[in-house]
Amino acid sequence: MIFLQLFYTFFKIGLFGFGGGYAMLSMIQGEVVTRYGWLSPQEFTDIVAISQMTPGPIGINSATYVGFTATGSVWGSVVATFAVVLPSFLLMLTISRFFLKYQKHPSVEAIFGGLRPAVVGLLASAALVLMNRENFGSPQDDVHSFAISCLIFLVAFVGTKKYKLNPIGMIVACGMAGLVLY
C-alpha cells in the first residue's frame, strides 16, 4: 500500500511541480510532512539541505530520500524517484514533438506567458516554506542562534545576488560559518 501511495504522491508532484525542484518543495512538504507524516518538519528541512548539496535535481533527490525513509528500503526510493520523473519524461516527449512546429503560434506564446508568473509564485512559495523555525530558530527560544541564522542568510543572499558569488562556494562557506559560529 505504501508503494502505491508513494507512486501516486510523487507522480502528482512531478506532474504539477512546474518550475523545477525548488517550486516542488512546498508540494513535497505538504504531502510528505503534513498529509502522510512520512517525515517530520526537521527531517524535511534536513533533506532540503542534503538535496541541495548532492548532485542532481532537488526534487529527484528529495523523492529518493523520502521513498527510502517512508519504506525503509531501496525499492521505496526507486518507486518515488521513478514516479517524480515519469510525468516530466512523458510531457517532454509529447511537447518536443509539437513545440518546434508551433512555438511561434499565439496560443503557445500565451500559454508560456501565463506559466512564467506561476513559476515565480511557486519559487516564492518554496522560499517562504523554508523560512521557518526549523531553519532559522526562534528569537524566543535562542536569540544567538536566530541572529546567526539571519546573518548567514543575508550574507548568502547578498553574496549570490549582488556579488554573483558561486552558489556552491557559498554553500560550503555558510556550512563552515555554521560550524564555527554555532
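Colleague: In which hand does α2 pass α3 in their crossing?

Modeller: This is a predicted model. The crossing of α2 past α3 is right-handed.

Colleague: What describes two packed helices?

Modeller: The angle between their axes and the distance between the axes. Here, helix α2 covers residues 21–35 and helix α3 residues 41–53; their axes come within 11 Å and cross at roughly 150 degrees. An angle over 145 degrees counts as roughly antiparallel, so α2 is roughly antiparallel to α3.

Colleague: Which residues make the contact of α2 and α3?

Modeller: From α2, Tyr22, Leu25, Ile28, Gln29, Val32 and Val33 take part, and from α3, Pro41, Phe44, Val48 and Gln52. By class, the contact of α2 with α3 has 8 nonpolar residues, 2 polar and no charged.

Colleague: Is glutamine 29 buried or exposed?

Modeller: Glutamine 29, in helix α2, has a relative accessible area of 16% and is buried. Leaving aside residues up to four places away in sequence, glutamine 29 touches Thr34, Phe44 and Val129.

Colleague: Now α1 and α5. At roughly what angle do their axes cross?

Modeller: Roughly 30 degrees, with the axes of helix α1 (residues 2–16) and helix α5 (residues 74–102) coming within 8 Å. Angles under 35 degrees count as roughly parallel, and α1 and α5 are therefore roughly parallel to each other. The crossing of α1 past α5 is right-handed.

Colleague: Which residues in α1 and α5 meet?

Modeller: On the α1 side they are Phe3, Leu6, Phe7, Phe10, Phe11, Ile13, Gly14 and Leu15. On the α5 side they are Trp75, Gly76, Val79, Ala80, Phe82, Ala83, Val84, Leu86, Pro87, Ser88 and Leu91. The contact of α1 with α5 divides into 16 nonpolar residues, 3 polar and no charged.

Colleague: On to cysteines. What is a disulfide?

Modeller: A covalent bond between the sulfur atoms of two cysteines. A search of the whole structure finds 0 disulfides.

Colleague: How does cysteine 150 count by relative accessibility?

Modeller: Cysteine 150 counts as partly exposed, because its relative accessibility is 24%.

Technical notes:
Residues are numbered from 1 along each chain as its sequence is written. This is a predicted model: local features need pLDDT of at least 70, side-chain atom pairs count only at pLDDT 80 or more; totals for chains, interfaces and linings use all residues. Side-chain values use heavy atoms; hydrogens and water are left out. Axes are lines fitted to C-alpha atoms, for helices over the stretch in contact, and angles run from 0 to 180 degrees between N-to-C directions. Helices (H or I, at least four residues) and strands (E, at least two) are DSSP runs, numbered from the N terminus. Angles under 35 degrees count as roughly parallel, over 145 as roughly antiparallel, 65 to 115 as roughly perpendicular and the rest as oblique. A crossing is left-handed if the near helix is turned anticlockwise from the far one by less than a right angle, and right-handed if clockwise. Contact means heavy atoms within 4.5 Å. Ala, Val, Leu, Ile, Met, Phe, Trp, Tyr, Cys and Pro count as nonpolar, Asp, Glu, Lys and Arg as charged, and the others, Gly among them, as polar. A disulfide is a pair of cysteine sulfur atoms within 2.5 Å. Buried means under 20% relative accessible area, exposed over 50%, partly exposed in between (1.4 Å probe, protein chains only).
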